[in-house]
Amino acid sequence: MPDFNLNDSINFLSKLTIKRTWNAAKVFSSFYAARLFKKPLQWGYPISISFEPTTSCNLRCPECPSGLRAFTRPTGMLQKDFFRTTIDEIHKELLYLIFYFQGEPFLNPDFLEMVKYAASKKIYTATSTNAHYLTDEVAKRTVESGLDRLIISIDGTTQEVYQQYRVGGKLEKVIAGAKNIVKWKKELNSKTPFIFFQFLVVKPNQHQIEDIKKLAKEIGVDEVRFKTAQVYDYETDPNQLIPDIDKFSRYKKNSTGNYIAKNKLSNHCWKLQHANVITWDGLVVPCCFDKDATHQLGNLKEKSFKEIWKDDKYQQFRTQLKKSRRNIDICANCSEGASVWK
């Protein structure tokens, strides 16, 4: 679940209904019961879902399969009619909807219409963007859409540093986009979206941590959050991305000088219990670590979401995780619960 400040929390809590509250209670209780009895218990439906607007992206970030154009699955755009059909089925239980998985959401021409539809169902909505498409017009429409949270990825305060990770990006566009959103929030007297800069801490930008705080304050961004980077070849770190600042690294060096993951994997997972991901073409996968959708638990073009959530295939995956989470490939590089800092 997301982390909130006071104003954001009030907005989030305003989305609660009796049915959503009861569903959340079932999900929380099943998580702790499953840990207690060491069995894959699952009561209720997801509290949070990530829906992928597109796999397309304008940037070429070195640790991102979308940026590297390295998917084995198809690239495409989420269709609004399909999106609406799914939301109609699950909106009564669903509290938090993230319009992001891979790709740049604003590349989907129907993206803000889908946000507006979800907002009309009183679902808390969020998205993550590289902010290159937040022109004055798009920023106005974004505020008007009812989007509750806007995460702007900004991994440097100078172009030279920013482009080392956000390959192909222009920092001036990110700053201009953020300013446009702040401007239209004031113009339209809107409390939403809550805006925060997300700073992915890597070795090339770790010296700009204080600078990004100052920049956010100057622009009028609500908050800055620092995220640890997932590095695929972390044992040797060929791209030299792992930072020297320990608390901003998911990894540590072992006795041989190679990196190992800090986290110790237990055979339970809150993410699997309360959330999941739907790709642009309707595949249901366990979480955001399954970027190439290798663990397909169902297809919404063939079954309804609620059928998939209770299906044998999903139950088999939950059982596998309870037996040995470490043997599931997408879990090996997971940092659940310890990857974001204010």
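I take helices as DSSP runs of H or I, at least four residues long, numbered from the N terminus. The model I am reading is predicted.

**Salt bridges**

I started in helix 5, residues 136-145, which holds both Glu144 and Lys140. The two sit four residues apart, about one turn of the helix. They form a salt bridge, with the closest N and O atoms 2.7 Å apart. Glu144 is partly exposed at 40% relative accessibility, and Lys140 is partly exposed at 28%.

Next I checked Asp222 and Lys185. Their salt bridge has its closest N and O atoms at 3.3 Å. Asp222 is in the loop between helix 8 (209-219) and strand 6 (223-228), and Lys185 is in helix 7 (residues 171-187), so this pair ties together parts 37 residues apart in sequence. Is Lys185 buried or exposed? I find Lys185 buried, at 12% relative accessibility. Asp222 is partly exposed at 36%.

Then I turned to Lys262, which bridges to Asp246 with the closest N and O atoms 3.2 Å apart. Lys262 lies in the loop between strand 8 (259-261) and helix 9 (270-274), and Asp246 in the loop between strand 6 and strand 7 (251-253), so the pair links parts 16 residues apart in sequence. I also noted a network of salt bridges with shared partners, made up of Lys19, Glu93 and Lys306. My count of salt bridges comes to 17.

**Helix 1 and its cover**

I listed the buried residues of helix 1 (residues 6-13): Asp8, Asn11 and Phe12. Down the helix axis they fall within an arc of 100°, so they line one face. The face turned away carries the exposed residues Leu6, Asn7, Ile10 and Leu13. Strand 2 (96-99), strand 3, strand 4 (149-153) and strand 5 are among what covers the buried residues.

I followed two of these strands. Ser128 lies in strand 3 (residues 124-129) and is buried, at 10% relative accessible area. Beyond its sequence neighbours up to four places away, Ser128 touches Phe99, Tyr100, Pro105, Ile151 and Ser153. Phe99 is 29 residues from Ser128 in sequence, but 7.4 Å away C-alpha to C-alpha.

Gln198 lies in strand 5 (residues 194-201). At 16% relative accessibility I count Gln198 as buried, because the cut-off is under 20%. Leaving out neighbours within four places, its contacts include Ile151, Ser153, Arg225 and Lys227.

**Second largest pocket**

I read a volume of about 320 Å³ for the second largest pocket. It has 18 lining residues, and those closest to its centre are Gln230, Tyr232, Phe289, Lys291 and Ile330. The lining divides into ten nonpolar, three polar and five charged residues.

Conventions:
Residues numbered from 1 in each chain as written. Predicted model: local features only at pLDDT ≥ 70, side-chain atom pairs only at ≥ 80, totals over all residues. Heavy atoms only, no water. Buried < 20%, exposed > 50% of the residue type's maximum accessible area, 1.4 Å probe, protein only. Contact = heavy atoms within 4.5 Å. 1 Å grid on protein atoms, 1.4 Å probe; cavity = no way out; pocket = protein on both sides within 12 Å on 5 of 7 lines; lining within 4 Å. Points joined across faces, edges and corners; volume = space filled by probe spheres on them. Nonpolar A, V, L, I, M, F, W, Y, C, P; charged D, E, K, R; others polar. Arc of directions from axis to C-beta. Salt bridge = Lys/Arg side-chain N within 4 Å of Asp/Glu carboxyl O.
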